[in-house]
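Hi,

Here is the structure I said I would pass on.

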Amino acid sequence: FPKEGEEDEMAFDRIKFPQLTSIRIYCLPKLIGFCAAGDPAVKISHKLFSSKTILWSLNLENLKLNEADSLRVIFDLEGLKVDHDHQRLAVLAQLKTLGLWSLSKLREVWNNVPRGVQGFQNLTSIIVDRCHCLSYLFPSSVAKLLVELQSITVDECAAIENIVQRDGEEEEADIIVLPKLTSFDLIGLPSLVSLSTGAYSFAWLSMKKIDMKSCPKLK
């Protein structure tokens, strides 16, 4: 039998939205998460999906956020135990499009991604526009998961310094493949210095178009 307080936690873990394929959030300046009940950390860190709530929408295909000014993190996988929770390995495996516009306090799209986690492998399009506190787009561990990614657009983000942020203990001369990336647009990024913080090689075998404008610090 569950101890006192565990019953609510078990019920919280059983919440699922199997038919949910699209989320569009527009002009909700006080939004701090997908669900705060049973997950107090959401109230502190202002993350849209935590390691628990991210499992509720396994068939989510499209996620678009606009003017959700209280959010600081989109996907936070802190506490997700890869070795013990095999059902959690494929995190948001059906997600295809991710659009983030005018999130004034957003600092990280992906955070606390544990080693060995799988997910986001069907993501084809990323658009980030006017997220002025964001300093990088994704950690290197996530970049290696994006085998179907076709287009990246980063527009008018004042604080972005790098697209790929080194994390973990990867080799210094590691390779970021992104095998299906065909379109890469970097526009109006006054703080952008380089594409990555590590000495990575980018193998973009399918690249057709790279558009860079108003990136005065890019080396």
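This is a predicted model: local features need pLDDT of at least 70, side-chain atom pairs count only at pLDDT 80 or more; totals for chains, interfaces and linings use all residues.

Of the 219 residues, 45% count as buried. By way of secondary structure, you'll find three helices and 16 strands. If you take the contacts with a separation of 6 or more, 83% of them are between residues 24 or more positions apart.

Now the sheet. Seven of the strands make an open sheet with parallel pairing, and the order across it is S1-S3-S6-S9-S11-S14-S16. At the edges are S1 (22-26) and S16 (209-213); each has a single partner strand, so one side of each has no neighbour in the sheet. Averaged over the sheet, and ignoring direction, neighbouring strands are turned by 0° against each other.

To see one of the pairings in detail, go to S1 and strand S3 (residues 62-66), which run parallel and are joined by five bridges.

The Asp-185 side chain makes a polar contact of 2.6 Å with the side chain of Lys-209. Leaving out residues up to four places away in sequence, Asp-185 touches Ile-152, Thr-153, Val-154, Lys-209 and Asp-211.

Last, the cysteines. How many disulfides does a search of the whole structure find? The count is zero. As you know, a disulfide is a covalent bond between the sulfur atoms of two cysteines. For Cys-131, the closest cysteine sulfur is the one in Cys-157, at 5.1 Å; a disulfide needs the two sulfurs within 2.5 Å, so this pair is too far apart for a bond. Is Cys-131 buried or exposed? With a relative accessibility of 0%, Cys-131 counts as buried. Cys-27, on the other hand, is partly exposed, with a relative accessible area of 41%.

That's what I have for now.

Cheers

Notes
Residues are numbered from 1 along each chain as its sequence is written. Side-chain values use heavy atoms; hydrogens and water are left out. Buried means under 20% relative accessible area, exposed over 50%, partly exposed in between (1.4 Å probe, protein chains only). Two strands pair if DSSP finds at least two bridges between them. Helices (H or I, at least four residues) and strands (E, at least two) are DSSP runs, numbered from the N terminus. Axes are lines fitted to C-alpha atoms, for helices over the stretch in contact, and angles run from 0 to 180 degrees between N-to-C directions. A polar contact is a pair of N or O atoms within 3.5 Å; within protein, one must be able to donate a hydrogen and the other to accept it, and residues adjacent in sequence count only if both atoms are side-chain atoms. Contact means heavy atoms within 4.5 Å.
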